[in-house]
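Thanks for coming. Please have the sequence and the model in view.

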Amino acid sequence: MSEAAPNTHYISQKRRTKEDKRFVSGKGTYAQDVVRPGTLHLAVLPSPYPRAHIKSIDVSAALALPGVHAVLEGAELAGATNPLYGGLKTPGVKWRPLAHELTRYAGEWVAAIAADSRAIAEDAMELIEVDYDPTDAVIDPEEAYQDTSPNVHPEHGSNVLYDGAFTWGPVEDDFAAADRTLTFRARWHRSSTVPIETFGMTAEWDEGREILNIWASIQMPNYADQIAGALKLPINAVRVHQDVDVGGSYGVKRGIKHTVLAGYLARKLGRPIRLIEDRLDNMGGGDAHGPDRIFDTSVAFNADGEITSLKIRALDDAGAYPGRGPFQLGKPIAAIVGPYRINSVHYELVSVTTNKTGQVPVRGFGQAPTNYMIERAVDKVAKALNMDRLEIRRKNFIQPDEFPYEIPSGTKYDSGNYPAVLDKVLVLSDYEALVKRRDVLRREGKLAGIGVATCLEPGGGNNMFEYLMNPSAEVTTFMEGAEARIDADGCITGVMGTTTSGQGHETLVATILGEELERDPDDIRVVHADTLSALPTRSPVASRMAIMLGGAIDGAAKKLKGQMMAIAAHNLERTVDQLEYSGGDVFDRADPARKLSFKEICFIAHKQFHKLPEGAAPGLQAQHVWQVPLGGQLPDENGKVQLYPCFSFQAHIPLVEIDPGTGKVTILDYFIAHDCGTVINPDIVRGMIMGGIAHGIGAALYEKFTYSPDGQFLSATFMDYLMPSAFEVPMVQDTEHCTPSPLTSHGQKGSGEGGYLGAPAAIASAVNDALAPRAIEIDQVPMRMSLIEEYLNGTDT
C-alpha cells in the first residue's frame with residue numbers, strides 16, 4: 001500500500017515500469033547475449049590450497065590442445081599490469097587478477113586459458129600442472145588480529161588492514177552516570193547476495209581507435225577508471241557500454257579482476273575475450289563475499305529504559321584481498337545509533353585479512369550487520385529491565401519535531417516520524433491479536449515468537465567514510481549527472497550514465513522528466529550513455545539513485561523548461577513571469593488564447609533560428625550534474641562529519657514458529673511499514689522491499705559461506721550455501737508512510753536496501769522471543785536449524 005504524493009501528475013502513481021516489457025518478453029540484453037565476432041572464451045584455474053607458494057607452472061600440455069590460443073600465468077600479468085585498486089593505504093597488500101608467487105585462498109585464480117569455447121578452455125585447465133608448496137593459513141579473524149598469526153601478505157607485515165577508533169560525546173561520563181550497563185557479543189557470519197546471473201563480461205580491443213570496449217554485468221563506481229589504471233591505459237581509452245542489462249547485483253557485481261584479465265588478453269591476442277563465471281568461479285573465487293563481523297558491544301542505560309551511550313568494537317574479516325571491503329565498517333557511522341536518541345558513542349573498527357575469498361560491498365554496505373547489533377542491544381536492554389520491546393523503542397526514538405537531528409558522529413538525519421511508522425505496522429499486523437496468536441501456539445506446546453526491529457536506511461551516498469579511514473584519498477565529491485533532450489517533433493529523451501540491475505532507473509528518469517515537463521512518461525525514451533559520452537556518475541550504489549539520479553534529471557528538466565519558457569516569452573512578446581506552463585503548452589496568463597503549443601516551441605527551437613531569443617542556442621537539450629546534498633564537508637578534529645544525506649525508516653514485525661525437535665524456523669507472517677519519503681513508483685518500491693526482506697531472511701536463517709579450520713571452502717554450491725525459496729519466504733504485508741526529505745527534488749529517499757537492513761534483526765528478535773520460554777538467547781546469524789537444535793539440546797559451543 002502506498003500513499004500518493006499530493007499535486008503530482010505521475011510521481012507516486014501506480015504505473016508499469018518501462019523496463020518490464022523487454023524483460024518479460026525475453027528481449028533484455030545481458031552479458032551472455034553480447035556476442036562479438038571471433039570471440040574467445042576464458043576459463044580460470046583455481047588454487048586447491050588456501051595458502052601455498054607457487055614453485056612452478058607447466059602449461060605446455062594445455063597449450064598443445066587444439067582450440068587453445070593462450071594460457072596466462074600470474075607472473076606475466078603482474079609484469080604487465082598494475083595491482084588492482086584498494087581503498088586503504090596498504091601498499092604491501094597487492095591484489096592481482098591471478099595469483100603471483102603465493103596463493104592466498106582456496107579458489108584463487110592461478111592461470112587463465114583462452115580458447116575457442118568454454119568447454120575447450122576447461123579441458124585445457126585440467127592439463128595444467130602446478131607445483132605448490134602449501135603453508136599454514138589463517139582463517140579465524142581473531143587469530144588473524146594477533147601478531148603471531150601467519151601473514152596473508154608478508155610485505156604488509158601484519159594481518160591488520162585498519163585499526164581505528166572514534167569517540168563522539170562524553171562516553172565515559174555517560175557510562176559512569178548510567179543506572180545500569182550490559183555487554184554482549186554478536187556475530188554476523190559471512191554471506192552475500194548471490195544473484196541468479198553470475199558476473200560476465202566481454203572485452204574487445206579496437207586497435208584502429210586504441211580503445212578497449214567492455215560489455216559487462218557491472219555495478220560499481222569508477223569501473224572504467226580502475227580498469228584503465230590496472231591496464232596502464234588513459235581513462236578515455238576505456239569505453240564501458242552501459243546498456244547491458246544486469247541480472248541482479250546489490251553490490252557484488254564488481255568484476256575488476258575479471259575485466260583486467262580479459263582486457264589484457266583481448267589486447268594481446270587481438271580477439272574479443274569473454275569471461276562468464278560459472279557458479280564455482282563465482283562463489284569460490286569471484287571475490288564476491290560480504291561482511292564477516294564480530295561485535296563486542298556495551299550499552300549504558302537507565303532504569304526508565306533511556307539508552308545513553310554505546311561502546312562498540314567491530315572486527316571484520318575482509319578476506320585475502322580487501323578492495324573496498326573494509327569501508328563497510330565506515331559507512332555505518334552514518335547511522336551508528338539507529339533511530340534512537342543516544343547521547344554518545346565509542347566506535348572501534350578493525351579490519352583484518354585472512355586466507356578467504358575477498359570481501360566486496362553487499363546491499364547496505366555494512367549497515368545490515370550494524371542494524372542487527374543495535375537491535376539486539378535494544379532488545380537486551382528491554383529484557384534486562386523487563387520492559388516491553390515496543391515501549392523501549394518509543395522511549396528512545398528521535399521525535400518528529402527534532403529533525404534535522406544530529407547524531408553523535410556528526411551526521412544530521414533529514415526527516416522522519418518513527419512513532420507514526422511503528423504505529424502503522426502495529427495496526428497492519430493487528431498486534432494485540434498477533435500476540436494472542438503467539439500465546440495460543442505456545443499453549444499448544446510450540447515455540448512461537450514475535451520479532452520487532454526498527455531500522456534506518458541511509459541513502460544518497462557520500463564517501464566521507466573513506467576520508468575518515470584514509471585521509472590521503474582526499475575525495476569529497478559524490479555526484480550524479482543526467483541529460484535531457486527534446487527533438488523537433490517533441491519527443492523527449494533522458495540520458496543516464498550507468499548500468500541498471502533491476503532498480504527501474506529508466507522508469508525513474510521518465511517519471512521525473514514527465515512530472516516536470518508534464519508529459520506522459522510512457523512516451524519518454526531513456527537511454528544509457530557509455531562511459532566516454534556519459535556525464536559524471538558514482539553509479540547505482542548506496543541506495544542513491546532515486547535521490548541523486550532523480551535530482552540530476554530533475555535539474556536537467558528544469559533547465560529544458562526554462563529554455564522553452566524563454567522561447568515562448570520571446571515569441572509571445574511577454575516576460576516569463578507573465579506566462580504559464582501547462583501540459584507542455586505555454587500561454588499568456590492575461591490572455592490564455594495567446595499561446596504556443598509544446599510542438600510549436602520544439603519546432604522553433606530546432607528549425608526557426610530567426611524566432612529564437614538573442615543568444616539562445618538552437619535545439620532543446622540540458623545537462624545537470626548534482627553533488628550529493630550536504631556532501632563535501634571535511635571531518636572536524638573529533639572525526640564528526642555528515643555522511644549520507646537522507647534516511648529512510650522501516651518497522652518490521654514477523655511471527656515465527658520453531659520446531660522444537662529439529663530447530664526449523666517457519667515464518668508464519670511478516671509485516672513491515674516503510675518510510676522512504678515521496679515514492680516515485682509504488683511498484684518499484686514494493687519490489688525493493690519484498691526482495692530485501694527475502695534477502696534478509698536468507699542472512700538470518702540460511703546463508704553462510706563456510707570454511708574448514710584449514711581453509712577449505714565448503715559452500716561452493718547451492719547444496720551447501722542455503723538460500724530461501726518461495727516456500728520459506730511468506731507473503732509480506734506492507735504499508736507506506738511518507739515523511740518527505742527537505743533535501744531532494746521531490747522529497748524522495750532511498751528504498752533499495754531497507755528490507756534487507758531490518759529483516760535479519762527482526763527475524764533474530766522473533767527467534768529469540770520464541771526461545772525465551774526455554775531461557776535461550778542466540779546472538780549470531782544465520783540461525784540455521786542445526787544451530788538452534790544445538791541450543792535446544794544444550795550442546796551449543
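What volume does the largest cavity have? About 560 Å³. Before I go further, note that this is a predicted model. In general, rolling a probe the size of a water molecule over the atoms shows where empty space is left.

The largest cavity is lined by 40 residues, and those closest to its centre are Val541, Ser543, Arg544, Met545 and Gly752. By class, the lining holds 19 nonpolar, 15 polar and six charged residues. Three helices, α15 (505-517), α16 (545-572) and α18 (682-701), each give at least two residues to this lining. The largest share is from α18, with three residues.

The structure has seven cavities of 30 Å³ or more. Sorted by class, the lining of the second largest cavity comes to 11 nonpolar, eight polar and six charged residues.

Now the protein as a whole. It has 20 helices and 30 strands. The C-alpha trace spans about 85 × 75 × 50 Å along the principal axes. How does the radius of gyration fit with a compact globule? For 797 residues, such a globule would have a value near 28 Å, and the protein has 27 Å, so the two agree. Of these 797 residues, 63% count as buried. The protein exposes about 28,900 Å², with carbon and sulfur atoms supplying 50% of that. As for contacts between residues at least 6 apart in sequence, 80% join residues at least 24 apart.

Is Gly460 buried or exposed? Gly460 has a relative accessible area of 0%, so it counts as buried. Leaving aside residues up to four places away in sequence, Gly460 touches Phe478, Ala542, Ser543, Arg544, Ile547, Met548, Val628, Tyr644 and Pro645. Two of the names in that list, Ser543 and Arg544, were also among the residues closest to the centre of the largest cavity. Gly460 and Thr744 are 284 residues apart in sequence, yet their C-alpha atoms are 9.7 Å apart in space.

Last, the backbone. Most residues other than glycine have a negative phi, and most peptide bonds are trans. Which peptide bonds here are cis? One runs from Phe403 to Pro404, with omega near -5°. Pro404 lies in the loop between α11 (389-396) and β16 (405-406). Another cis bond joins Val781 and Pro782, with omega about 5°. Pro782 lies in the loop between β30 (780-781) and α20 (785-793).

Then there is positive phi. Ser12 is not a glycine, but its phi is positive, about 75°. Ser12 is in the segment before α1 (20-24), and with a relative accessible area of 5% it is buried. Glu573 also has a positive phi, near 55°. Glu573 is in the loop between α16 and β23 (579-582). With a relative accessible area of 65%, Glu573 is exposed.

That is the end of my part.

How values were computed
Residues are numbered from 1 along each chain as its sequence is written. This is a predicted model: local features need pLDDT of at least 70, side-chain atom pairs count only at pLDDT 80 or more; totals for chains, interfaces and linings use all residues. Side-chain values use heavy atoms; hydrogens and water are left out. On a 1 Å grid over the protein atoms alone, a cavity is a set of points where a 1.4 Å probe fits but cannot get out, and a pocket is an open set with protein on both sides within 12 Å along at least five of seven lines; lining residues have an atom within 4 Å of a point. Grid points are joined across faces, edges and corners, and a volume is the space filled by probe spheres set on the points. Helices (H or I, at least four residues) and strands (E, at least two) are DSSP runs, numbered from the N terminus. Ala, Val, Leu, Ile, Met, Phe, Trp, Tyr, Cys and Pro count as nonpolar, Asp, Glu, Lys and Arg as charged, and the others, Gly among them, as polar. The radius of gyration is taken over C-alpha atoms; the globule rule is 2.2 Å times the number of residues to the power 0.38. Buried means under 20% relative accessible area, exposed over 50%, partly exposed in between (1.4 Å probe, protein chains only). Contact means heavy atoms within 4.5 Å. Accessible areas come from the Shrake-Rupley method with a 1.4 Å probe; for residues, only the protein chains shown count as cover.
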